[in-house]
Amino acid sequence: MPARKSKTGLTQQERSAAMRKRLLDATVECLVRHGYAGTTTTRVTELAGVTRGAQVHHFPTRADLVAAAVHHLAAKRTELAFDKLDAVRQAADPLDAALELLWEINQGPVLHATIEMWVAARTDAHLREQVAEVEPVTRAAILDFVRRAFPDHAEDPRFRHVAYTAMDTVRGILLLGLSNPDTAYLEAAWKRAKADLRLLVDTALARPELVSGAR
């Protein structure tokens with residue numbers, strides 16, 4: 001029997017998924033506006049434009065809501081990356097395009113909300129567990145993107161290590177940006193780092209003995 005649809009043409013499952021997304025997007029917005037400490041269920045429901053009952057139905061507690069938001073943020077970054085996979089493949093310089101994409105998708109509200117999570121996780125054991133669960137998912141997404149964008153290097157561990165280093169580099173520079181609003185400085189730092197990352201790629205492929213470690 002087909003799923004029953006509402007007057008909007010959506011099934012119950014589709015309406016439920018839409019409500020969850022609405023709440024999670026509102027949670028991310030709340031994290032950006034008010035920080036982790038200021039992200040309350042009351043504020044989230046107000047931003048989402050839903051009732052308290054709807055929030056409780058999907059996420060019974062604030063902890064449930066924030067934990068789900070951690071995974072939601074990781075999914076948003078992945079979605080942003082894969083939306084531009086074809087553009088990277090077709091670019092005149094795919095490596096440069098991939099690095100620029102990494103820089104792009106880790107900025108803005110997604111970055112700010114993620115940092116709020118990281119900082120709060122230091123003293124919140126439950127949140128720390130959720131953040132720890134997301135990191136392997138993030139690394140897996142990076143590897144999947146590398147495999148699709150650079151199939152010739154899909155199984156090369158050296159290329160994988162460089163991808164991880166690129167992510168660490170982007171995060172480090174953007175963290176610095178929280179205390180330094182000079183966008184010109186950050187762009188210059190990224191331009192310098194990107195040039196070094198390109199050298200690292202060349203070195204990794206030419207001299208594998210210099211690339212060590214695993215994740």
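Biologist: Is Q55 buried or exposed?

Modeller: In this predicted model, Q55 is found in helix α3, residues 52-58. Its relative accessible area is 0%. Since a residue counts as buried under 20%, Q55 is buried.

Biologist: With which residue does the side chain of Q55 make a polar contact?

Modeller: Leaving aside neighbours within four places in sequence, Q55 is in contact with L23, T41, T45 and P60. The polar contact joins the side chain of Q55 to another side chain at 2.3 Å. The partner is R52.

Biologist: How many helices and how many strands does the protein chain have?

Modeller: The C-alpha atoms of the protein chain fill a box of roughly 60 × 50 × 30 Å along the principal axes. Read along the sequence, the pattern is α-α-α-α-α-α-α-α-α-α. The count is therefore ten helices and zero strands.

Biologist: What percentage of contacts in the protein chain between residues at least 6 apart in sequence join residues at least 24 apart?

Modeller: The protein chain has 215 residues, of which 39% count as buried. Among contacts between residues at least 6 apart in sequence, the share that joins residues at least 24 apart is 67%.

Biologist: Which residues of α1 are buried?

Modeller: Helix α1, residues 12-34, reaches 32 Å from its first C-alpha to its last, close to the 33 Å expected for its 23 residues. Just after α1, G35 takes a positive phi of about 80°. The cover over the buried residues of α1 includes α2 (41-48), α3, α4 and α7. Those buried residues are L23, L24, A26, T27, V28, C30 and L31.

Biologist: At what angle do α4 and α7 pack?

Modeller: Two packed helices are described by the angle between their axes and the distance between the axes. For helix α4 (residues 62-82) and α7, the axes are 10 Å apart, and α4 passes α7 in a left-handed crossing. The contact is made by V66, A69, V70, L73, K76 and R77 of α4 and by V110, A113, T114 and M117 of α7. The packing angle is about 140°.

Biologist: How far apart in space are A121 and V131, C-alpha to C-alpha?

Modeller: A121 lies in helix α7 and counts as buried, at 5% relative accessibility. Not counting residues up to four places away in sequence, A121 touches L127, R128 and V131. A121 and V131 are ten residues apart in sequence, and their separation in space is 7.3 Å.

Biologist: Why does the distance between the end C-alpha atoms of α8 agree with its number of residues?

Modeller: Helix α8 has 25 residues, and at 1.5 Å a residue it should span 36 Å. The distance agrees with this because the end C-alpha atoms of α8 are separated by 37 Å.

Biologist: Which residue caps the N-terminal end of α8?

Modeller: Among the buried residues of α8 are L127, Q130, V131 and F145. The cover over the buried residues of α8 includes α4, α5, α6, α7 and α9. At the N-terminal end, a side-chain oxygen of the capping residue lies 3.2 Å from the backbone nitrogen of H126. That residue is D124.

Biologist: What separation do the C-alpha atoms of L174 and L111 have?

Modeller: L174 lies in helix α9 and is buried, with a relative accessible area of 5%. Beyond four places in sequence, L174 touches W103, N106, Q107 and L111. L174 and L111 are 63 residues apart along the chain, and their C-alpha atoms are separated by 8.2 Å.

Terms used: Residues are numbered from 1 along each chain as its sequence is written. This is a predicted model: local features need pLDDT of at least 70, side-chain atom pairs count only at pLDDT 80 or more; totals for chains, interfaces and linings use all residues. Side-chain values use heavy atoms; hydrogens and water are left out. Helices (H or I, at least four residues) and strands (E, at least two) are DSSP runs, numbered from the N terminus. Buried means under 20% relative accessible area, exposed over 50%, partly exposed in between (1.4 Å probe, protein chains only). A polar contact is a pair of N or O atoms within 3.5 Å; within protein, one must be able to donate a hydrogen and the other to accept it, and residues adjacent in sequence count only if both atoms are side-chain atoms. Contact means heavy atoms within 4.5 Å. Axes are lines fitted to C-alpha atoms, for helices over the stretch in contact, and angles run from 0 to 180 degrees between N-to-C directions. A crossing is left-handed if the near helix is turned anticlockwise from the far one by less than a right angle, and right-handed if clockwise. The expected span of a helix is 1.5 Å times one less than its number of residues.
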